[in-house]
Structures are given as structure tokens and as C-alpha cells.
Amino acid sequence: MNVADSQRVASALEQLGYHAAEKARQADVIVLNTCVVRQSAEDKAYGYLSSLKPLKTNNPNLTINLMGCLVGVKGYEHLQKQFPYVDVFSPPSDPGPLIAHLTQDESRDLEQQETEARFALMDGDLVLPDEEKGNLVAAFVPVVLGCSHACTYCIIPYRRGIERSRPVGQIVAEVRSLVAQGVKEITLLGQIVDRYGKDIPDGPNLAQLLHIIHDVEGLERIRFLTSHPNWMTDELLDAVAELPKVMPHIEVPVQAGHDQVLENMKRAYTADDYRKLVNQIRGRIPGVSIATDIIVGFPGETAEQYQATYDLLAELKMDVAHLARYSTRPGTVADRRMEDDVTDEEKWRRFRELEALQESIAAEINAAYLGETVPVLFEEKVRGRWKGRTETNKLVFVESDQDLHGQLIPVQITWTGPWSMQARLPATPGDAVPLDMVSIAP
Ligand code: SAH
């Protein structure tokens, strides 16, 4: 979400005539877009913010914009006091305050100007920043902003505000404009993306949105994340199964494998509900890959309760598990009413144990790709190797001097590991066939 938000800011700045600077100290405007989902992210944000202070002292004309979840949607007086050298504060997904600040017409109401800028920037076309134009293969498109769920550990609803779906016209226009600039793959984003449209009477739901976007010519792949187990519908799974451009990959976090912990988290499903859902997804979408998120060390999580999470992961064998050690987030229900009583050491132990389990599961799943020929969309060259993804979102590297940028081609998997794979390009007609690939009739 922050990648998408930052892109929109960069785009808006370029529309005003700004260009990317190589180093922060050369810049006229610095935007620090922040995440606070865990304490470690928040610490990083404060660290960067402090490092900007000397730049402002050296260059009083510098504009510093603090953006994102550190600012939130509920006022930032405390930050203003603590960081007087910040010129502009912007809530998540909202470049409005920065643009209004830079283009300010003193004779008009600033708030009004911010609102105008905000609407102009969310509506329709998105001109990619210069660096990305014709370069970016896979782009993110936010479709649901904010979140109105109340998972007890989570700070996002407090900082990103209530759930709002973007109108379908805006989304389609944005997707079209991205495709016209060379983008081949779109990932639709929302904290609970499968709730898309719930707040728009007569608007499409996510399944219908997928159908609509599927018609965009030139677009090759569509993904969406993150789903909440309770909002996944058969209609949505059918859309994934039926629409060739929608990739067979679902991100649906479980968070914990014990019912009491799930209840304390206010996730509103049981481990068995989740198990059934995973089986249903696998039944309806052949070859699907599923990713999950897990938090270890939630307040009160006993060794036995944690073991239930371990056992569930071992049983369901997910393709990917994003693991997190619980950290208390200010203002959340868990912060106000529960004690962060699992020691750091124990959180680490559970984390490492799950990590090792996931490593062996992913290695086993990925090993089935060995020797297979699968379509891969190549995005960029990283340290001499082309990087792309399978339909199931597996990372694939290919060594080649050819220009594979933005190409969707079948490749043969030659090596697999838990986190990535290697592949070779198919032999093109006319290529000499290596001897070891020629079979000789007896
Ligand atoms: N809205 C999405 C993503 C939320 S943030 C969803 O519901 O899945 C991404 C992940 O961060 C969450 O899935 C959760 O696993 C983790 N997370 C959120 N709050 C956390 C906290 N306080 N401590 C540790 N991990 C947390």
C-alpha cells in the first residue's frame, strides 16, 4: 500500500515539474512515507525522521513531508511539537496536503486546496513517475482504503481511517492508464480486499471488479490482496478460477491456529473454519498457491496454543507464511486490555521454529516444479539475472543476455529452493540442441 501511495506522490510531484534526486541532501522536497504496523517499522520511521533534521538545518528552503501511518488520520499535534522541522504532515494515501503546500494560493482556504488536490490525484489516470514509465511491469492499485475491522492487535484502522472503496470508474481508469504506460500486471490492494464494494450501494463486488478489469486490453495478469477468511465467497473463487488473467494465488492470513487466541484477536473464525476455507480454495482453483500471515506471541498465547498454530501450518502446508512476532501497538484493544506477557526470547523461539517448518514446506512444494515448463512474467534484471514470477507468485531467476523485460514466456525450471527457483529459456527453433537433451533411439 505504501509503495502505491509513494508512487502517487512521486507522480503528483513530477506533474508540478519536480524530478527525483539521487540523494536526500540534494532534494528540495523530501517525503518520508511511514509504516507503524509493528514497533520495528515505527522505530525505523523515527530513525529516518531524525536523520533529516540536519538537512533542514543546512537548507531552510527544504520541504519535509511526513506521510503515512505515523501521522494517521486523527491529528498530529504531538508530532508537530516533537519534530518542528517537518513542514507538512499527510495521512496515509493522501498526497493532498503536500501538493496544496507546494502550490499554495495564499488568497484561498488551504483546507479547500488540499481537498481539491486529494480528489484530483485519486481520480482516473495515474501518470507513472519518469523512472517507472515504460519500466514498471507489475503495479499496485489500491481499491479499498482504510479498514473498519477491529482485530485487537492491529493499529491500521486507527491510522488509515475507516474503510472506503474507490469507485469502479476510478479504478478502471487507473488500470488503463497504467497499462498504456507499459504495466502488464496489476495487484488490487485493500486491508480486506474481499470487502471491496460493501460501502458502495449498487457498486460491483470484488468478483465483479475482477471481471470488469479483465476486459482491459493489454493487461496480462491480475492479483489481489489481502483477503480476510470471512469475506471470501464462492463467487470470488469462481472468478479466480474462470478468468485467465486472474492469477491462482490467494493471500489469506490465519494469524493463529488456536480458537481461543483467534477469539482474543477478534478474528471471528475458528481454526476449523480456516481449514475448510483452504480446502475449498484448493478444490475450486486447481494449482492454486496460498499465502498466510501468522503472529506469534500474542498476549496470553500459551505454549500449547502456539503448538496449535504450528500443527495447523504443518497440516495445511501453505506456499508462503509471513511470520511476525507480536508487538504492542498504541491504542489497540490488545494494548489497552491485555498484557504483552510472552517474553521476547519465547517469541523469537516460536518465530524461528515456524520459519524452519515453513522452509521445509515451501521447499517441498516448490520441488514439484523441477523440470516443469511454466509461464513467467519477467520484471527486471537483478544482479545479472532476470527476475520474474510464476502464475502462483513464485520468484524465478533466469540467466540470459536477451531482453526479457515485461515478457511473459514459458521457461523450464532447473533448480528449486524454498524461497525462489531458477529456470532456463526454451530452446528457440533453429537453436542447436545440446547433446545431453537429444534422446537417441535404441
Ligand atoms: N489487513 C491485512 C494486513 C495487515 S498488516 C490483513 O488483515 O491481513 C500485515 C500483517 O502484519 C498482519 O497480517 C499481521 O500478521 C501483522 N501484524 C499486524 N499487527 C501486528 C502486531 N501488532 N504485531 C505483530 N504483527 C502484526
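A polar contact is a pair of N or O atoms within 3.5 Å. In this predicted model, a nitrogen atom of the ligand and a polar backbone atom of Y153 are 3.1 Å apart. The protein covers 89% of the 540 Å² of accessible area that the ligand has on its own. The protein itself has 14 helices and 16 strands.

**Around the ligand**

- The ligand is surrounded by 16 residues, and the closest are Y153, Q191, Q255, D293 and S327.
- Sorted by class, this shell has seven nonpolar, five charged and four polar residues.
- An N or O atom in the side chain of Q191 is 2.8 Å from a nitrogen atom of the ligand.
- The side chain of Q255 also has an N or O atom 2.8 Å from the ligand, here from an oxygen atom.

**Q255 in its loop**

- Q255 belongs to the loop between strand 9 (249-251) and helix 10 (259-264).
- The phi angle of Q255 is near 75°, which is a positive value in a residue other than glycine.
- Residues under 20% relative accessible area are buried, and Q255 counts as buried because its relative accessibility is 7%.

**Other backbone features**

- N393 has a positive phi as well, near 70°, and N393 is a residue other than glycine.
- The loop that holds N393 runs between strand 13 (385-390) and strand 14 (395-398).
- A cis peptide bond leads from L225 to T226, with omega near 0°.
- T226 is placed in the loop between strand 8 (221-225) and helix 9 (234-242).

**The protein as a whole**

- The radius of gyration of the protein is 23 Å, which agrees with the value near 22 Å that a compact globule of 442 residues would have.
- The C-alpha trace spans about 90 × 55 × 50 Å along its principal axes.
- Of the 442 residues, 50% count as buried.
- The protein exposes about 21,100 Å², and 50% of that area is supplied by carbon and sulfur atoms.
- Taking contacts between residues at least 6 apart in sequence, 72% join residues at least 24 apart.

How values were computed:
Residues are numbered from 1 along each chain as its sequence is written. This is a predicted model: local features need pLDDT of at least 70, side-chain atom pairs count only at pLDDT 80 or more; totals for chains, interfaces and linings use all residues. Side-chain values use heavy atoms; hydrogens and water are left out. A residue is near a molecule or strand if one of its heavy atoms lies within 4 Å of it. A polar contact is a pair of N or O atoms within 3.5 Å; within protein, one must be able to donate a hydrogen and the other to accept it, and residues adjacent in sequence count only if both atoms are side-chain atoms. Accessible areas come from the Shrake-Rupley method with a 1.4 Å probe; for residues, only the protein chains shown count as cover. Ala, Val, Leu, Ile, Met, Phe, Trp, Tyr, Cys and Pro count as nonpolar, Asp, Glu, Lys and Arg as charged, and the others, Gly among them, as polar. Helices (H or I, at least four residues) and strands (E, at least two) are DSSP runs, numbered from the N terminus. The radius of gyration is taken over C-alpha atoms; the globule rule is 2.2 Å times the number of residues to the power 0.38. Buried means under 20% relative accessible area, exposed over 50%, partly exposed in between (1.4 Å probe, protein chains only). Contact means heavy atoms within 4.5 Å.
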